[in-house]
Amino acid sequence: MADLTNVLDEAGIEYELLSHEHTERAADEAEALGLPPTAVAKTLVLAAPEGHVRAVLPASERIDLRKVREIVEGGKSIHLAAEDELARDYPEFEAIPPFGGAAGDRVLVDARVTQQHSVVLEAGSHLQSVRLETADLLELTKGEIVDICKEE
């Protein structure tokens, strides 16, 4: 978590740390914080030929890899990164946030996230989250606003 807060502090971004019970899923994180799932975003790490891509989408949604494959070069080889890959490439985090750690990851932010003034994200830990303005998230990550959620 120190890595994540250092990134925010160095960027001059205001944020709020939120402690909660241990959660493994963003929907559970939202529930633990008493927030609607649309207010909490999850970060999924995808393995692509160009390197890791971090996808940020509301806790209430599911990723559509077909849509991601249309945005990121690499076609069918793009897939969710395995747990051992995450442990190897992001050793500083229990839960991967959309920034911090390995530099240079491409970040895709689903347009649904941008409909909120602020967003809550895992703070690199299963016990803490961070709330920041969505505009700051986009600026910090150089996030590309895209549509990557499954249509239900």
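Mentor: The accessible surface of the protein comes to about 7600 Å², by the Shrake-Rupley method with a 1.4 Å probe, where for residues only the protein chains shown count as cover. Carbon and sulfur atoms hold 48% of that surface. The model is predicted: local features need pLDDT of at least 70, side-chain atom pairs count only at pLDDT 80 or more, and totals for chains, interfaces and linings use all residues. Numbering runs from 1 along each chain as its sequence is written, and side-chain values use heavy atoms, with hydrogens and water left out.

Now inward. Of the 152 residues, 46% are buried, meaning under 20% relative accessible area (1.4 Å probe, protein chains only). In soluble globular proteins, nonpolar side chains tend to be buried together. Here the largest nonpolar core has 22 residues. Such a core is a set of buried Ala, Val, Leu, Ile, Met, Phe, Trp, Tyr and Cys residues joined through side-chain atoms within 4.5 Å. Leu-4, Leu-8, Val-56, Leu-121, Val-130, Leu-132 and Leu-137 have the most contacts inside it. Helices H1 (2-11) and H5 (134-141) each give two or more residues to this core. So do strands S2 (41-48), S5 (106-110), S6 (118-122) and S7 (128-133). Helices (H or I, at least four residues) and strands (E, at least two) are DSSP runs, numbered from the N terminus.

Zoom in on Val-130. Beyond its neighbours within four places in sequence, Val-130 is in contact (heavy atoms within 4.5 Å) with Leu-4, Leu-8, Tyr-15, Glu-16, Leu-17, Val-119, Val-120, Leu-121, Glu-122 and Ala-123. Another core lies apart from the largest one. That core has 13 residues, among them Leu-46, Val-53, Leu-108 and Val-146.

Notes:
Buried < 20%, exposed > 50% of the residue type's maximum accessible area, 1.4 Å probe, protein only.
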